[in-house]
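Dear colleague,

Please find below the structure that I am handing over to you.

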Amino acid sequence: MTLQHQVVHEANNLVARSTPKEFFQNQPEESFCKDLAQYKELHKQSIENPEKFFGDFANQLLDWDKPFVKAKNGHLRSGDASWFLGGKLNASFNCVDRHAFNTPDKVAIIYEADEETESPVKLTYADLLSEVSKVAAILSDWGVKKGDRVAIYLPMIPAAIIAILAVVRLGAVHSIVFAGFSAASLRDRIVDCDAKVIITSDEGKRASKVIHSKKIVDTAIDGLSVVEKVLVFQRTAASNIPMKFGRDFWWHEEAKKFSGYFPPTSVDSEDPLFLLYTSGSTGSPKGVVHSTAGYLLGAALTTRYVFDIHQQDILFTAGDVGWITGHTYACYGPLLLGCATIIFESTPTYPDIGRYWRIVQRHKATHFYVAPTALRLIKQLGESAIAKYDISSLRTLGSVGEPIAPELWQWYDEKIGQGRCHIADTYWQTESGCHLIAPLAGAVPTKPGSATVPFFGIDAAIIDPVSGKELKGNDVAGVLAIKNSWPSMARSVFRNHDRYIDTYLKPYPGYYFTGDGAGRDNDGYYWIRGRVDDVVNVSGHRLSTAEIEAALLEHSGVSEAAVVGIHDDLTGQAVVAFVGLKEGYLVSRIKESESKGDHITLTQLRQELRIKIRAEIGPFAAPKTVIVVPDLPKTRSGKIMRRILRKIISNEADQIGDTSTLSNPSAVEKIITSVDEQFFNFKK
């Protein structure tokens, strides 16, 4: 029995828990979906008649400059799915103007800075409209127009949200790069999308540490002719920020030149809204393309129904805007619905482990959305701090980025939700744009560890990875796929539609391939079991093994490299690197920090490789450990068998199975010995 089948069989013994009655007592209004029966009826309608279902919601939740004439078009098999054809609208207008006109004094953004002494800062919808308009005017004056790409490299501050909305106000396309990425990673993304403008800050702050954002940008664009202008937000007012004449401009100085309103540009429903680069198994990051209308509808619909968000609610999404979670549930989703969003710049442990709960108490946040990594950290270090604060305003608790373990789910429910909240374990991807599988608050009973049921329009399927055929019924396990298009799904990979087809649509023709293993229990609930391709998920950050391997191979002593992900109690998965060394490059198998003669120590090599990864990709990609091996296990065609490496490092060498198909089966025992010496013995 596979692990996936085992999990499904164990899940069949669990009874789904209904939403606690306290959830409903804490509601400002009746739930958008009142019970499981209504969910099933709505889901059925969305599958059987998606044109009417999503067409009605598109007219209800979005404001259109020109009505669409066809709600759904194209197919997964042909890779040309599209939605709301003929319609025109503007994302910035939908997120800002219509609320600023109707409820100008309502708070839109609550900013919690790295230093609590600088918090909070609140922007109303009227404030937001004025600030967005000024930045849009700056960009327009610089020649940014519909379809142009603008890169954003900003910390989690209100300026990041303002920049996003200013770019799309012009019909331009934003490409946000997580502010923890290195100059090399930033450069790759700028070059790939031909960004003509970059918006950044002088510096950033995170847990009191200064991040030299502008200097990183300067390094990234050195010698790049494509970048014409750099707009710099003054975050720390540092005095030593280099500014290149004619290229670099201060945000606050340029904003003074323009008035408080700039009209939005109407775009077609299928025009690109943004690019977001995500790791892939082939090395170079993929620029995932999301369309305007479909993405906006998905963001609005899931925020409303999965979380049961009402206009007076306050959503605290503790995720960075550099990732899809921040895009959809810190920016677009709450602002589309006209509620308040908390923008959090710092970490859960700064200045102490009670930071999250002071924010909830201070603002009476009603919804909290976070990755299991942060919950594990709080459980480990700061459980006692929770009781110090009044967090009774919370109604829905969300989990995002990786499957949440049942025991952590229960801890989240008991310690933070205090048995009163709905727990929403949400499964989705950068490519999906919004939730794919999640329990609707107030309607769908939950099970610890299960993402539960598909969202509207998601016709989920479990595929047998061997036969490629769909497994019908319940109590099955395999790989997760989707049988139809949905409005918010990514439309392409930027300038590489073949890669989009090959990655998502070709593995199982007629289906969208998620790349994740999953099971479906006897109640039809889904259990996500993680990646089945070569991507490692560290603290919710999807990292390409090929991208990390490429950086390792740049080291002068490394001849070959393979990277795998292993379970980690804190980060969900951790990176482990296996490297082969060039002839003559010697490593001493000792722990001492000093080299011996012509040997470099294993400690020194590990440090050098970690520094390399941190510089090329970012600190979050640094390997937990590096194992030096005499050879890597390969098939006769030369493919590295990472599955074998994963088994060995997970102390499951007895489960490797047949190695006769390897071109070098004798390498396996040598790798086991190397892992014993360098990893397991080092841990003792």
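Thr 292 is found in helix 11 (residues 292-307); helices (H or I, at least four residues) and strands (E, at least two) are DSSP runs, numbered from the N terminus. With a relative accessible area of 1%, Thr 292 is buried (under 20% relative accessible area; exposed is over 50% and partly exposed in between, with a 1.4 Å probe and protein chains only). Leaving aside residues up to four places away in sequence, Thr 292 touches Leu 89, Val 267, Asp 268, Ser 269, Asp 271, Pro 272 and Leu 273, where contact means heavy atoms within 4.5 Å.

Please note that this is a predicted model, in which local features need pLDDT of at least 70, side-chain atom pairs count only at pLDDT 80 or more, and totals for chains, interfaces and linings use all residues. Residues are numbered from 1 along each chain as its sequence is written, and side-chain values use heavy atoms, with hydrogens and water left out.

A search of the whole structure finds 41 aromatic pairs. Rings of Phe, Tyr and Trp (its six-membered ring) pair if their centres lie within 6.5 Å; planes under 30 degrees apart count as stacked, over 60 as edge-to-face and the rest as tilted.

Yours sincerely
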